[in-house]
Amino acid sequence: MKNMTISQKNASGFTLIELMVGIAILAILAGLAVPAFSTWAPNYRLKNASSDLYSNIQAARMRAIQNGADYAIIFDTGGSSYYMANDPGGDTTWGTADDERDETVNLSDYGSNVQFGSGSAGSDWKGDAIEADGVSYSNNRVLFTSRGMSGAGTVFLDHVNNDRAYAVTTTIAGAARLRQFLNGGWE
């Protein structure tokens, strides 16, 4: 075994200059990533809120069919929330205390100012004008019968200061569709 001198033992580590250059490179990369993340995160949250709404609408339809009872999604556009409910009393007065409600979904929980609205879209994919509150269902609810049928309508979600919006639409037959408004058109 060779005898190592003190200078040979210290040669295997990083110098202070190498360490500072590495930290500077990491700081530059972080500085480039933050603006990209701040643009990406609100769009991701809006897409997540739209996907959850789409899933909840499909779940309401499935519960209506499985339980042989009417189920509704009730939208509170002023409070930026919605909930799924059934009406066991059968009085068809939705949005009252006798509704059996599932958990309320608050759009503010998604962050990034997610709200009911159509962003910069002035009309939907058919060219029809969009409701001011972002919900085109009668009485701000989508109702599914025990056969899975519903009223046709659309809910629009957007977030403040963005041209991106999502629309969840149901047909009279109860089918749901999720669309995105981006770069001036519906996809």
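**Terms and values in the predicted model**

Mentor: The protein chain has an average pLDDT of 83, and 86% of the residues score at least 70; pLDDT is the predictor's confidence in each residue, from 0 to 100. As this is a predicted model, local features need pLDDT of at least 70 and side-chain atom pairs count only at pLDDT 80 or more, while totals for chains, interfaces and linings use all residues. Residues are numbered from 1 along each chain as its sequence is written, and side-chain values use heavy atoms, with hydrogens and water left out.

Trainee: Which elements have the lowest and the highest mean pLDDT?

Mentor: Helix H1 (residues 6-10) has the lowest, 54, and strand S4 (residues 105-106) the highest, 92. Where pLDDT is low, the predicted coordinates should not be read in detail.

Trainee: Why is Ser-50 called buried?

Mentor: Buried means under 20% relative accessible area, exposed over 50%, and partly exposed in between (1.4 Å probe, protein chains only). Ser-50 has a relative accessible area of 0% and is therefore buried. Ser-50 lies in helix H2, and, leaving aside neighbours within four places in sequence, is in contact (heavy atoms within 4.5 Å) with Leu-157, Tyr-166, Val-168 and Leu-178.

Trainee: What makes Gly-184 exposed?

Mentor: Its relative accessibility is 65%, so Gly-184 counts as exposed. Gly-184 is in the loop between strand S9 (176-182) and strand S10 (185-186).

Trainee: How far apart in space are Gly-184 and Asp-163?

Mentor: They are 8.0 Å apart, C-alpha to C-alpha, and 21 residues apart in sequence.

Note on methods. Helix = DSSP H or I, 4+ residues; strand = E, 2+ residues; numbered from the N terminus.
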